[in-house]
Amino acid sequence: MGFFDKLFGGKNAAETKFKGEKKTVMMPLAGKVIPLEELPDETFASAILGGGCGIEPTGDTVYAPFDGTVTQVPESLHAVGLMSDDGIELLIHVGMDTVKLDGEGFTPKVAQGAKVKKGDKLLSFDMDLVKEKGYQTQTMFLVADAKGKEVEVVEAANADNNTKIMNLK
């Protein structure tokens, strides 16, 4: 059973494979990188779902951090699962407990199964609405299954989707 199946339910995901020694992942939305352990949600902060980082967003659009395939867009529209062409499985989860908004304030730009290129729009969200409804906007950016690879997060402040954020080695 794959990572997104565990999180959202569904069929088994393809096994993650890494062909190279080092993989690079770009920032999926404008903002400041936050260490996972500083996130207010224990599940994400403890890296149970995978290594990575949080992002304090300054932008409202989530972009593809690499070339790949959209593996999951839940009905609540608050997250996107991706698999890179070289086997990196990621989750981009916008906000804390935003699944409870049932899609309100979220607009998907892609569907499950879509092929994407780095920089393609994946989803947009109404940051003001999310905050007005009482939810935090910190976005989790997680590697679902590193297959023994070390996830190295690059520190970044005021970064955009052209900023390198993560290396897998």
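This is a predicted model: local features need pLDDT of at least 70, side-chain atom pairs count only at pLDDT 80 or more; totals for chains, interfaces and linings use all residues.
Modeller: Residues are numbered from 1 along each chain as its sequence is written, and side-chain values use heavy atoms, with hydrogens and water left out.

Colleague: Why is His93 called buried?

Modeller: Buried means under 20% relative accessible area, exposed over 50%, and partly exposed in between (1.4 Å probe, protein chains only). His93 has a relative accessible area of 9%, so His93 is buried.

Colleague: What does the side chain of His93 reach at 3.0 Å?

Modeller: That side chain reaches the backbone oxygen of Gly95. A polar contact is a pair of N or O atoms within 3.5 Å; within protein, one must be able to donate a hydrogen and the other to accept it, and residues adjacent in sequence count only if both atoms are side-chain atoms.

Colleague: Which strand holds His93?

Modeller: His93 lies in β7, residues 89-94; strands (E, at least two residues) are DSSP runs, numbered from the N terminus.

Colleague: How do you know that β5 and β9 pair?

Modeller: Two strands pair if DSSP finds at least two bridges between them. Strand β5 (residues 68-72) and β9 have two bridges, in the antiparallel sense, and Thr69 stands opposite Lys115 in β9.

Colleague: In which order do the strands of the open sheet run?

Modeller: The seven strands follow the order β2-β3-β11-β7-β6-β5-β9, with antiparallel pairing. Each of β2 (31-35) and β9 (115-116) has a single partner strand, so these two stand at the edges.

Definitions and conventions. Helices (H or I, at least four residues) and strands (E, at least two) are DSSP runs, numbered from the N terminus.
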